[in-house]
Structures are given as C-alpha cells and as structure tokens.
Amino acid sequence: MRTTLRDIAKASNVSVTTVSLVLNGKANEISEATQKRVLAAARKLEYTPNLAARGLQKASSNLLLLLVPDLENTFYTSIARHAVSHALTLGYLLILASLPQDQKEEERLLKMVKGGLFEGMLILSRKFAAIRDEASKDENIPYVMLDEDIEDETKPSLITGDNESGGYLVGDYLCELGHRRIAFLTGPNDTPNSMRRLSGAVKAINDRGYEVNPRFIFEGDYSAQSGYQMMAQIMKNKPSALFCFNDFMAYGFLRACKENGVQVPHDISVVGYDALVLRSFLIPELTTVDQHAEEIGKIGVEKLIGLIQTHEKETILIQPSLIIGETTDKY
C-alpha cells in the first residue's frame, strides 16, 4: 500500500500542507528541525512521490516503460525498436529498462514504477517477477506481456507469436522434405513458448503419420553455447534433421558442426527460430521461423494504450512464417 502525505504528516506531527511544502522543496518558511522531522518520517515510511500527480506533464505523463531482459538479444531489440518508433507516432515516449543487476537496482526501478511516472508497461520477460507482481496488485499500473506467456490469476494482456503454429510449420516442412528422424533442441522446460513449439511440431509429425522418439528431444537454454555443447550428444543419435527453438542455439550448433566436420545440410538439416538479422549472413544461410517482432512491438504499444484507456485485457497471437534458407534439404 502506497504511503501518502497524510501518513507522513501523522508520523511527524505536522500538517499535510507542511509535508507537501517540504517534499516539494518549498519549505523556506519552515524551521530546519521540522524539515528534518518530515524527511526522516518520509524515509522511514519509504515514501515514493507520485511523479505523474505532481504534474510533470499537463494531462498525463505520456511515458511508457518497456522492460527488456537482454539488450544484446537482437530479437528483443527488434521488438523494442519498433515499439519505441510506433509509440512516438501515437504521442507517447517509450523508455527502455533492462533486467536489474542486483536487488538495490530492482528496488529503485520498482519505486519508479510505483511512483506513477509511467502510464503503463510492456514486459518482455517473466524475469521481471517483482515488478509484474506489484503491477498485478495495483490496478493503477496497467501492463502488457510481450512474447512470454505467464501463469497469473490476473490473466494480463499478452501479445506474442503463435508458438504452436510456428512449431507446426517446422515439423510439417521437415516431414515434407522426407525427414523421419527429427531431433529437437528446446528451450528450458518451464517456458511455455518452448513447450508450445514442441507441441506444434509433434502434432505436425503425427498428422503426417509418424512418431517422435523421446530420445530425440534435448533441453537447451536458448544460448549459442548450449547449441554448441549439445552438438556431439545430438549427433550420437544420428538424426537427419534438427529443430532448434531459437536462432542462437542453431548458431552454436552450426559452429560445432563446422569444427567437427559435420556438413549442413548434407549430414543434417537445421532449422532455427526467430529470424534474427545475422541468419542471412551465415554460410549456409539459416532456415528459420519469423515471429514478426515488428508486429509484436507495434501491436503491444497499441494494446497497452488501449488498456490504459479502457482497462480491457486481450490476448493476440501473431502468425509466424517459415523462411527457407540453405541449412535444410531433402532427405
């Protein structure tokens, strides 16, 4: 529960007007002792000023916050770039914040959010749990999840790629090429996006009349390093194709293949996910799934503004598309 000026006035035994003058730097006629007492009470009660209410902007702050877990991940930065640009066209300034490095940094960010500076937030990761939980408790902090789904009783608005459809596209395409021994390098098992991609791919393979061997399912962590490290273990099972659940893992796998004399796509076909810019500069060029990050960013901004105005929550799934590169071939 947010500390009010009245709370501070009661704790320091002064009027609300006195508290307001002290906290707003207009205490010229107030004794130094009283000022110190008010400030001490404010610190003890962990008071956070409502910046929007102070009137930093005339009607509303027109400030939105985008929480990004990793600014080095070009999928996230692509969403952010389009979101920032689209917000400006709609009269809003979108500010980026990356994942806090320690508890103190997280507390400072949380105080800014609770202080009312931002009209709403776009959240790109489940890792912002503390901030998301605070927003879920406070109806005055509307937010929209981008890309990552979460299990939350409040069922927040969600804008993301249709991961099951994306997985289906890959499974069906590899079957069409004649592959039957298809391996999967998933993301962490506790991530809904990863499980939906796997579900879609398995469904496509089953629809073709084939089965997925559980021994061909490997868990990664979305990093290039995990793709690189898992290559030998995956190749021991002699799959004819591999579906990596993001491009970074595919990059790592391809690097390991090159170092160990495994030829792609002659020895194994490889498919990634996310359609990162770097894929088009690889030799061979990576086959991948485009989640349309630009649409996630733009629609996310539009739905957040709509949520601020109407409080109506919504889930939108962006339909992905398959981009055929040079890392896949007929079996």
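Before starting, I wrote down one term: a nonpolar core is a set of buried Ala, Val, Leu, Ile, Met, Phe, Trp, Tyr and Cys residues joined through side-chain atoms within 4.5 Å. I also noted that this is a predicted model.

**Entry 1: the core.** Which residues touch the most other members of the largest nonpolar core? I found Leu66, Leu146, Phe184, Phe253 and Val270, in a core of 66 residues. Helix α11 (residues 293–310) gives this core its largest share, 8 residues. Apart from this core I found another, of 18 residues, including Leu63 and Met121.

**Entry 2: one residue up close.** I picked Leu146 and left out residues up to four places away in sequence. Leu146 then touches Leu66, Ile79, Leu122, Ile123, Leu124, Ile159, Ile296 and Gly300.

**Entry 3: the whole fold.** I counted 11 helices and 12 strands in the protein. Of the contacts between residues at least 6 apart in sequence, 72% join residues at least 24 apart.

**Entry 4: the surface.** Buried residues are 50% of the 331. The protein exposes about 17,000 Å², and carbon and sulfur atoms supply 49% of that area. For charge, I noted 36 positive and 43 negative side chains, with the centres of the two sets 6 Å apart.

Technical notes:
Residues are numbered from 1 along each chain as its sequence is written. This is a predicted model: local features need pLDDT of at least 70, side-chain atom pairs count only at pLDDT 80 or more; totals for chains, interfaces and linings use all residues. Side-chain values use heavy atoms; hydrogens and water are left out. Buried means under 20% relative accessible area, exposed over 50%, partly exposed in between (1.4 Å probe, protein chains only). Helices (H or I, at least four residues) and strands (E, at least two) are DSSP runs, numbered from the N terminus. Contact means heavy atoms within 4.5 Å. Accessible areas come from the Shrake-Rupley method with a 1.4 Å probe; for residues, only the protein chains shown count as cover. Lys and Arg count as positive and Asp and Glu as negative; His and the chain ends are not counted. The place of a charge is taken as NZ of Lys, CZ of Arg, CG of Asp or CD of Glu.
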